[in-house]
Amino acid sequence: MAQIDMARGRPYLEPRPCFATFFAAAVLRFPFPVMVGDIGGTNLRIALSWAPGEAPAMILKDGRPWVSFGVMGGDNQGQAHAQVVMNLVDFGMNVRDAGDAARVRHMGTNLAVESGVGLEVRKELELRGHRITDGRGAMGGYQAIMIDPKTGLMMGGSDLRKDGLAIGW
């Protein structure tokens, strides 16, 4: 189980492993390991894959699928997932902007920061002891589908960092 609590001022994961399935498992016809948890102070739940090398995630709103997304990038996946969830939930971004927003990535003793992160924020991070490096090319690509809970309309988002696209008919 993963608990993501926005009330602490930042998300955190408190891993409690479990095997569960959600609607993708019904489509795929096999169970896969996931972490499931509430997003503190909201009516949202999140499910993250626990399978090695896989990182799909789903956010449920009032018990129904709201956003299904994934971010490529090995050890960056968990970091990027948390940033995307904050963009969607805390900052109210749409499905495209949530993936395109500038990100940071912890890389050993360095913190890779994309160019969209302002100079004041960079200076503050350095004051807090972070060694800032150029984040170009260090962030994984993002793909997502958001479902409007009232209309059922599906909206897609594809990361500007990679060569994907969102398309529907």
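Me: When does a residue count as buried, exposed or partly exposed?
Reply: Happy to start there! Buried means under 20% relative accessible area and exposed means over 50%. Whatever falls in between is called partly exposed.

Me: Is Glu124 buried, exposed or partly exposed?
Reply: This is a predicted model, so its values are computed from predicted atoms. Glu124 has a relative accessible area of 36%. Since buried needs under 20% and exposed needs over 50%, the label for Glu124 is partly exposed.

Me: Which residue does Glu124 meet in a salt bridge?
Reply: Side chains of opposite charge can pair when their charged atoms come close. Here the N to O distance is 2.8 Å, and a salt bridge asks for within 4 Å. The partner of Glu124 is Arg128.

Me: Which helix holds both Asp100 and Arg96?
Reply: The side chains of these two residues, Asp100 and Arg96, meet in a salt bridge at 2.5 Å, N to O. Asp100 is buried at 17%, while Arg96 is partly exposed at 39%. They sit four residues apart, about one turn of the helix, and that helix is α3.

Me: Which residue meets Asp134 in a salt bridge?
Reply: Asp134 is partly exposed, with a relative accessible area of 46%. The N to O distance is 2.5 Å, and the partner is Arg136.

Me: Which residues do salt bridges with shared partners join into one network?
Reply: The structure holds six salt bridges. Some of them share partners, and the network they form joins Arg103, Glu114, Asp159 and Arg161.

Note on methods
Residues are numbered from 1 along each chain as its sequence is written. This is a predicted model: local features need pLDDT of at least 70, side-chain atom pairs count only at pLDDT 80 or more; totals for chains, interfaces and linings use all residues. Side-chain values use heavy atoms; hydrogens and water are left out. Helices (H or I, at least four residues) and strands (E, at least two) are DSSP runs, numbered from the N terminus. Buried means under 20% relative accessible area, exposed over 50%, partly exposed in between (1.4 Å probe, protein chains only).
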